[in-house]
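Me: I've got a protein model open and I'd like to go through it with you, question by question. Can we start with the pockets and then move on to the rings?

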Amino acid sequence: SAMEAIAFYHFRYANYPKPQCILFLSVGTQPNPPQFRWIAEVLSGRDYRLAFGDTLPDKAGELITTAALSKLPLKISINENHVLVEFRLKLYRMSLTAFSLHAFEKLSGYRFGVKTLRSKNGDSYFSQLKSISFYH
């Protein structure tokens, strides 16, 4: 979300000394193929990072976005205990607690090569920012 991007920059601004060279994109809660095609075209040949939270919907969005930007479609479904991922004509099954982009890459044997950043002190950069008291 846009709020996640703002929170990300709050914590990581020192890593980006030229803010005029940064582009933040938010695809919303229901990203679609035209958005991914536009992003892949605009960012072609550029260095970029994805920042997602640590909740199950965030992890699913991270995998969907990463695959779409790599021009490799996949489908995710979730039942009571597992995440099912249809990818490259195979069905992969993972427990809800073990599911992540990294775990899926290990299970499938496919490395997307997309860099992702995750908050180390919260479920997301936004939740980390909300937990800070700005008044002393």
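**Pockets first, then rings**

Me: How much space lies in the largest pocket?
Reply: Keep in mind that this is a predicted model. With that said, the space in the largest pocket comes to about 1,300 Å³.

Me: Which helix gives the most to the lining of the largest pocket?
Reply: Helix H1 (2–12), strand S1 (49–51) and helix H3 (56–69) each put in at least two residues. Among the 38 lining residues, Leu25, Ser26, Arg49, Leu50 and Ala51 sit nearest the centre of the pocket. The top contribution is six residues, and it comes from H3.

Me: By class, how many residues in the lining of the largest pocket are nonpolar?
Reply: The lining has 38 residues altogether. Split by class, nine of them are polar, six are charged, and the nonpolar ones number 23.

Me: What about the second largest pocket: which helix gives the most to its lining?
Reply: That pocket has a volume of about 210 Å³. Its lining includes Asn32, Phe36, Ile64 and Leu74. The elements giving two or more residues are helix H2 (33–42) and H3. With four residues, the one that gives the most is H2.

Me: And by class, how many nonpolar residues does the lining of the second largest pocket have?
Reply: Pro33, Ala40, Leu72 and Pro73 are among the lining residues. One lining residue is polar and two are charged, while the nonpolar count is eight.

Me: On to the rings. Why is the pair of Phe8 and Tyr125 called edge-to-face?
Reply: A ring pair is described by how far apart the centres are and by the angle of the planes. The whole structure has ten aromatic pairs. In this one, the ring centres of Phe8 and Tyr125 are 5.2 Å apart and the planes meet at 85 degrees, so the pair is edge-to-face. The cut-off for that label is over 60 degrees, and the angle here is 85 degrees.

Me: How many residues apart are Phe8 and Tyr125?
Reply: Phe8 belongs to helix H1 and Tyr125 to helix H5, so to speak two distant parts of the chain, and the pair links them across 117 residues.

Me: Are Phe8 and Tyr125 buried or exposed?
Reply: The cut-off for buried is under 20% relative accessible area. Phe8 has 7%, and Tyr125 has 3%. Because both values fall under that cut-off, Phe8 and Tyr125 are buried.

Me: Where do Tyr92 and Phe104 lie, and how far apart in sequence are the parts that their pair ties together?
Reply: The ring centres of Tyr92 and Phe104 are 5.3 Å apart with planes at 85 degrees, so this pair is edge-to-face. Tyr92 lies in strand S4 (residues 90–95) and Phe104 in helix H4 (residues 101–108), so the parts tied together are apart in sequence by twelve residues.

Definitions and conventions. Residues are numbered from 1 along each chain as its sequence is written. This is a predicted model: local features need pLDDT of at least 70, side-chain atom pairs count only at pLDDT 80 or more; totals for chains, interfaces and linings use all residues. Side-chain values use heavy atoms; hydrogens and water are left out. On a 1 Å grid over the protein atoms alone, a cavity is a set of points where a 1.4 Å probe fits but cannot get out, and a pocket is an open set with protein on both sides within 12 Å along at least five of seven lines; lining residues have an atom within 4 Å of a point. Grid points are joined across faces, edges and corners, and a volume is the space filled by probe spheres set on the points. Ala, Val, Leu, Ile, Met, Phe, Trp, Tyr, Cys and Pro count as nonpolar, Asp, Glu, Lys and Arg as charged, and the others, Gly among them, as polar. Rings of Phe, Tyr and Trp (its six-membered ring) pair if their centres lie within 6.5 Å; planes under 30 degrees apart count as stacked, over 60 as edge-to-face and the rest as tilted. Buried means under 20% relative accessible area, exposed over 50%, partly exposed in between (1.4 Å probe, protein chains only).
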